[in-house]
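Thanks, everyone. I have one structure to go through this morning, so please look at the screen.

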Amino acid sequence: MDNANLAVENSAHALGQRFVQLFGESPRIYQAPGRVNLIGEHTDYNDGFVMPAAIGLYTRASVAARLDRKLVIHSENYSERVEFDLDHLPATRSGHWSDYVIGVVKMLGRSGETLGGTNLLVDGNVPQGAGLSSSASIEVAVGYALLDSADQATDRTKLDRTEPDRTKLALLCQQAENEFVGARCGIMDQFVASYGERGKVLLLDCRSLEYRQLPLPGDVALAMCNTMVKHSIAKGEYNRRRAECETGVRVLSKYLPNAQALRDVTPDDLEAYGHELPDIVRRRCHHVIGENARVLKAAAALELGDLQAFGKLMLESHRSLRDDFEVSCPELDLMVELAEQAEGVYGTRMTGGGFGGCTIALVQNGYVEADSSGGL
Ligand code: GLA
């Protein structure tokens with residue numbers, strides 16, 4: 001076992017002991033990672049393509065069943081314990097961290113799962129508001145834990161589940177965020193939190209949910225740089241971008257009757273009919289249509305081992321997010337500019353929803369200082 005794995009193992013053991021201390025019995029522990037996105041930003045909710053990767057930062061949910069109908073959640077990060085009656089769950093979000101858990105509980109119930117009383121201990125090291133998808137990692141870890149608890153509450157002989165359906169769980173967690181937490185996010189984050197693999201990037205078609213795991217060459221590393229500018233996609237700008245894309249499709253579909261989403265619009269289509277769109281909407285569409293093409297080109301470059309080409313596409317992506325989609329910020333732009341000039345960097349860009357958070361850089365291994373805390 002390498003040092004990184006040993007550290008992970010030790011901290012899981014410590015979490016198990018903490019659970020015993022809090023609830024008096026041993027838990028089962030589930031873990032889901034945060035993510036970076038190499039390319040394909042704001043394309044998921046346009047039925048497009050994305051290329052995220054799981055990172056070494058994660059959320060863990062430890063779980064054990066209770067005999068009553070209570071859901072007791074303890075957060076190590078907030079040093080706080082909250083209790084809910086499973087038969088009288090809050091109807092709407094409260095803005096509290098527990099919204100992420102309650103959203104998943106509700107969607108599991110809606111999908112036909114019977115949840116019994118549950119003790120949950122949640123702990124994570126994905127920084128919040130850094131664009132590394134701490135929310136999807138808590139949703140997916142908790143989703144697994146709650147399914148475990150549902151299994152305990154059900155007559156095991158009646159269960160045909162050996163392993164949870166990861167796609168179903170990812171969709172359900174996305175629904176929790178869309179309908180309960182109030183962010184109209186796409187499927188990327190929950191999908192990679194469910195399927196991400198060490199050392200691989202995930203090429204995902206967000207319409208069909210077909211995916212491929214592409215290996216990253218051994219001599220490159222992904223470096224995350226945090227601007228420390230907090231972002232929150234639950235705030236209005238993200239939902240506004242999504243609405244602008246939907247407006248684009250609505251207008252363009254008058255000329256392109258088969259267009260269901262921006263995924264179906266080509267650069268030539270935009271050239272021909274773009275003048276029908278308000279300028280802001282046209283620029284939003286220009287980003288998404290170009291970004292979808294860039295993801296496919298980047299996948300081809302990665303398979304050919306052409307990291308120079310990959311890096312160039314990352315930079316184009318950043319410029320498009322900055323100028324057309326307008327989701328960057330001065331701190332992200334500066335970090336990209338500085339990294340661009342650094343030796344050994346193939347490419348760099350903002351990653352995630354934007355308005356702050358992190359940049360990602362594809363770097364030749366020899367130029368990165370070893371840090372196993374958040375890497376792949
Ligand atoms: C957030 C959302 C994702 C995706 C990205 C932007 O991370 O949760 O669904 O839209 O922003 O690519």
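I will start with the overall fold and then move to the ligand.

Keep in mind that this is a predicted model. The protein contains 10 helices and 11 strands. How does the radius of gyration fit a compact globule, and what is the value? The protein has 21 Å, and this agrees with a compact globule because one of 376 residues would come out near 21 Å.

Now the ligand. Which pocket holds the ligand? The ligand sits in the second largest pocket. Around the ligand there are 12 residues, and the closest are Glu41, His42, Asp44, Asp189 and Tyr238. Sorted by class, that shell consists of five nonpolar, three polar and four charged residues.

The side chain of aspartate 189 places an N or O atom 2.6 Å from a ligand oxygen. For glutamate 41, again through a side-chain N or O atom, the distance to an oxygen of the ligand is 2.7 Å. Glycine 353 contributes a polar backbone atom, 3.5 Å from a ligand oxygen. As for burial, the ligand taken alone exposes 310 Å², and the protein buries 97% of that.

How values were computed:
Residues are numbered from 1 along each chain as its sequence is written. This is a predicted model: local features need pLDDT of at least 70, side-chain atom pairs count only at pLDDT 80 or more; totals for chains, interfaces and linings use all residues. Side-chain values use heavy atoms; hydrogens and water are left out. A residue is near a molecule or strand if one of its heavy atoms lies within 4 Å of it. A polar contact is a pair of N or O atoms within 3.5 Å; within protein, one must be able to donate a hydrogen and the other to accept it, and residues adjacent in sequence count only if both atoms are side-chain atoms. Accessible areas come from the Shrake-Rupley method with a 1.4 Å probe; for residues, only the protein chains shown count as cover. On a 1 Å grid over the protein atoms alone, a cavity is a set of points where a 1.4 Å probe fits but cannot get out, and a pocket is an open set with protein on both sides within 12 Å along at least five of seven lines; lining residues have an atom within 4 Å of a point. A molecule sits in a cavity or pocket if more than half of its atoms lie within 2 Å of its grid points. Ala, Val, Leu, Ile, Met, Phe, Trp, Tyr, Cys and Pro count as nonpolar, Asp, Glu, Lys and Arg as charged, and the others, Gly among them, as polar. Helices (H or I, at least four residues) and strands (E, at least two) are DSSP runs, numbered from the N terminus. The radius of gyration is taken over C-alpha atoms; the globule rule is 2.2 Å times the number of residues to the power 0.38.
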